[in-house]
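Here is my note on the model. Please keep the structure open beside it while you go through the points.

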Amino acid sequence: MRYLSTRGGIQPIPFKDAVMMGLATDGGLLLPESYPRITPEQLNAWRRLSYPELAFEIISRFVDDIPPADLKGVIDRSYATFTHPAVTPVVRENGVYILELFHGLTLAFKDVALQFLGNMFEYILAERRQNLNIVGATSGDTGSAAIHGVRGKKGINIFILHPHGKTSPVQALQMTTVTDANVHNIAIRGTFDDCQDMVKALFNDLEFKEKYALGAVNSINWARVLAQVVYYVYAWLRVTEDGKAPVSFSVPTGNFGDIFAGYVAKRMGLPIEKLLLATNENNILTRFVNKGDYSLAGVVSTLSPSMDIQVASNFERYLFHLFGEDPARVRAAFAELKAEGRITFSNEEMALVRRDFCSVSVDQEQTLDTIGSFYKETGYLLDPHTAVGVRAALEQLPGDSLRVCLATAHPAKFGEAVEKATGVPAPVPPAIAALEGMPTRCKVMDADLAAVREFIVATIG
Ligand SMILES: Cc1ncc(COP(=O)(O)O)c(C=O)c1O
Ligand SMILES: N[C@@H](CCOP(=O)(O)O)C(=O)O
């Protein structure tokens, strides 16, 4: 399996090089040359597999430059850190299935891919006798999951940029209380988009990237998306009885990484009826799906802060496929976005979009109402991001269809919103209770690329 860039500017490369490259050197995103097919017979044969066994079956189809026993070792180590034996269990509440993705170390879906990526980096670096300086942007969850994926690992430094004061207090503490020597938190006076822009700019400075051996933990890294494909298949196997039943997935969306993993699963042959793209008030992607309107607007702060994003980086991967794998059309679309603040789509393209996706935007009042009523009816607590997806599913997907909602974070990460909605405090897991009063370390900076670059260079030494 080889990987190519959405912008068409690199020779195809193998998996390990793709992991190390992160953002493609031509500014695009890496994708596999083709998607391996999974058949109904294969799906039925996978029903009895544990999560790590299934992960191996799927991931190994995209990786041919790592011996199977080594790949299995990386996968097994990654999922041994989860507190639930099923890793990502599925529960049924109020007519929808809930895919719980928050049983990892930092209580969000990011752990599923970032434990895998942290161990994969460690494996490749040991083999190549190299060091790595990870630079990432977070709206709250990627940062802590990435930090916990690589803290204390030999030969790795990690720099995580988050928008100052715009994450939940628990999310901030999950990052800044990790004071290992290789962990560096930077709080940017700005938005997540500012953080992501600066990270991309550092990667696009190829001399800097090479000199300081930069590595990516955001979903611009293909390994992130790949690891997330697994739980779509796992959930599908839990809620169906035969190899063909169509299932719809409701996905609370910000950077389009999670839902793109679902799209990959669909392209591989997993019977997915619809991918429901659920957004908060930052709804550029809902406007795109429903009206063909992909035009930039300002970012607003909401109760689901991890989804407070305008420019979803993985959208580029989807556009590559939507445009018939034509890198020239991708380049033209991003030139239009830069010049005009929008991308224009043809009617044929929008028909293709609506074949796979539908979308709903859920505002904060509806989010609180959904957390409150769901709790009242079932006793089950939703975090605000999950609530956006559940609300969208209840509104948009037929009640007699198989509906899986991705529960992307534990409610205790957003305790204030949950208490406001239900009138009761969310139970606090020991991992969160332990954060209170711990020493913290974090550098607060302006959204100034030169200053961030200087800080990274000075810290690496
Ligand atoms: C809790 C939570 N839900 C949903 C999302 C949105 O996921 P994605 O950015 O992959 O679309 C995020 C951020 O990524 C998140 O942290
Ligand atoms: N919501 C994310 C934003 C970054 O997304 P990523 O999937 O590209 O890492 C976060 O929690 O940081």
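1. Terms first. Two strands pair if DSSP finds at least two bridges between them. Helices (H or I, at least four residues) and strands (E, at least two) are DSSP runs, numbered from the N terminus.

2. Basis and confidence. This is a predicted model: local features need pLDDT of at least 70, side-chain atom pairs count only at pLDDT 80 or more, and totals for chains, interfaces and linings use all residues. Residues are numbered from 1 along each chain as its sequence is written, and chains are lettered from A and ligands numbered from 1 in the order in which they are written. The chain has a mean pLDDT (the predictor's confidence in each residue, from 0 to 100) of 97. A pLDDT of 70 or more is reached by 100% of its residues. For the complex, the predictor gives an ipTM of 0.99 and a pTM of 0.97.

3. The mixed sheet. Six strands make an open sheet with mixed pairing, in the order E3-E4-E14-E9-E10-E13. Its edge strands are E3 (90-93) and E13 (357-361), and each pairs on one side only. On average, neighbouring strands are turned by 25° against each other, direction ignored. Axes here are lines fitted to C-alpha atoms, for helices over the stretch in contact, and angles run from 0 to 180 degrees between N-to-C directions.

4. Strand E9 (residues 247-252) runs parallel to strand E14 (residues 402-407), joined by four bridges. Ser250 stands opposite Cys405 in E14. Helix H11 packs on the sheet and touches E9, E10 (272-279) and E14. Contact means C-beta atoms, placed from the backbone, within 7 Å. The direction of H11 makes about 170° with that of E10.

5. The parallel sheet. Five strands form an open sheet in the order E8-E5-E6-E7-E15, with parallel pairing. Strands E8 (214-215) and E15 (443-446) stand at the edges with a single partner strand each, so one side of each is left without a neighbour in the sheet. Four bridges link E7 (residues 183-189) to E15, and the two run parallel. Arg189 stands opposite Asp446 in E15.

6. Ligand 1. Which residues come nearest? Of the 17 around ligand 1, they are Asp141, Asn255, Gly257, Ser306 and Thr408. A residue is near if its C-beta atom, placed from the backbone, lies within 6 Å. The largest share of this shell, three residues, comes from helix H11 (residues 257-267). By class there are six nonpolar, nine polar and two charged residues. Ala, Val, Leu, Ile, Met, Phe, Trp, Tyr, Cys and Pro count as nonpolar, Asp, Glu, Lys and Arg as charged, and the others, Gly among them, as polar.

7. Ligand 2. Thirteen is the count to check: of the 13 residues around ligand 2, Thr138, Asp141, Thr142, Asn218 and Ser219 come nearest. Helix H6 (residues 141-150) gives the largest share, three residues. The shell has no nonpolar, 12 polar and one charged residues.

Key
Contact = placed C-beta atoms within 7 Å.
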